[in-house]
Amino acid sequence: MDTLATLARVPAGRRVLVLDGPPGRWLPPGWEVVPQSGGGLDARLAAAFASVSEGDDSPPALLVGMDTPHLRAQTLAEALSPAGRAGTDAWFGPATDGGFWAFGLARPNAALARRLLLGVPMSTPSTGAGLYARLAGAGLRVAPLPALNDVDTVADATEVAALAPGSRFARTWRVVTAPAAETDASVHPTVRGAAG
């Protein structure tokens, strides 16, 4: 939810959520939902770019992972502004675990996305380096985005919650990690009162 709220503040002509399953009431207005394709993560990412490609005149497309609740809208707004797009073929946001949290193409098309993504080993400490090597090998001018920690582990969640203390993620994390007595008191105050 934090990532969707952040992306809603970034100027864009179209907002697309690639989703496995139907959206719920949690989906904010203004988002188009595209079904996630099958296959490995590399194939699903390539298909996401194919789903937003509009031919030779396609506007830029940036794919952002959902496990970055500490992402700031200004980070992307600057990178995707007309000045930030000048001379850029692609954007790459490395994750501190060796993966990536964002990947974009200035002129997305299905063939290019497949060539860049298919066969890159996903969810490994060298995933980001593998994708970046493909971008460089294709001769694309890559604009770097800042390295961010994504949420894969308990330690990641603790760190990210500290980086974005006012986020929905951080509030939820505080509830999840609160001592049991505190959680019981805050979640069930009327039950205790009725039993007393």
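Helices (H or I, at least four residues) and strands (E, at least two) are DSSP runs, numbered from the N terminus. The model is predicted: local features need pLDDT of at least 70 and side-chain atom pairs pLDDT 80 or more, while totals for chains, interfaces and linings use all residues. Residues are numbered from 1 along each chain as its sequence is written, and side-chain values use heavy atoms, without hydrogens and water.

| Residue | Relative accessible area | Class |
|---|---|---|
| Thr68 | 0% | buried |
| Ser123 | 72% | exposed |

Thr68 lies in the loop between β3 (61-64) and α3 (73-80). Its side chain reaches the backbone oxygen of Gly65 at 3.2 Å. Beyond its neighbours within four places in sequence, Thr68 is in contact (heavy atoms within 4.5 Å) with Thr3, Trp101, Leu148 and Asp150.

Ser123 belongs to the loop between α5 and α6. Although Ser123 is not a glycine, its phi is positive, at about 60°. Most residues other than glycine have a negative phi.

The axes of α5 (residues 110-117) and α6 (residues 127-137), lines fitted to C-alpha atoms over the stretch in contact, come within 9 Å and cross at roughly 130°. With angles from 0 to 180 degrees between N-to-C directions, under 35 counts as roughly parallel, over 145 as roughly antiparallel, 65 to 115 as roughly perpendicular and the rest as oblique; α5 and α6 are therefore oblique to each other. Arg115, Leu116 and Leu117 of α5 meet Leu131, Arg134 and Leu135 of α6 in this contact.

Note on methods
Buried means under 20% relative accessible area, exposed over 50%, partly exposed in between (1.4 Å probe, protein chains only). A polar contact is a pair of N or O atoms within 3.5 Å; within protein, one must be able to donate a hydrogen and the other to accept it, and residues adjacent in sequence count only if both atoms are side-chain atoms.
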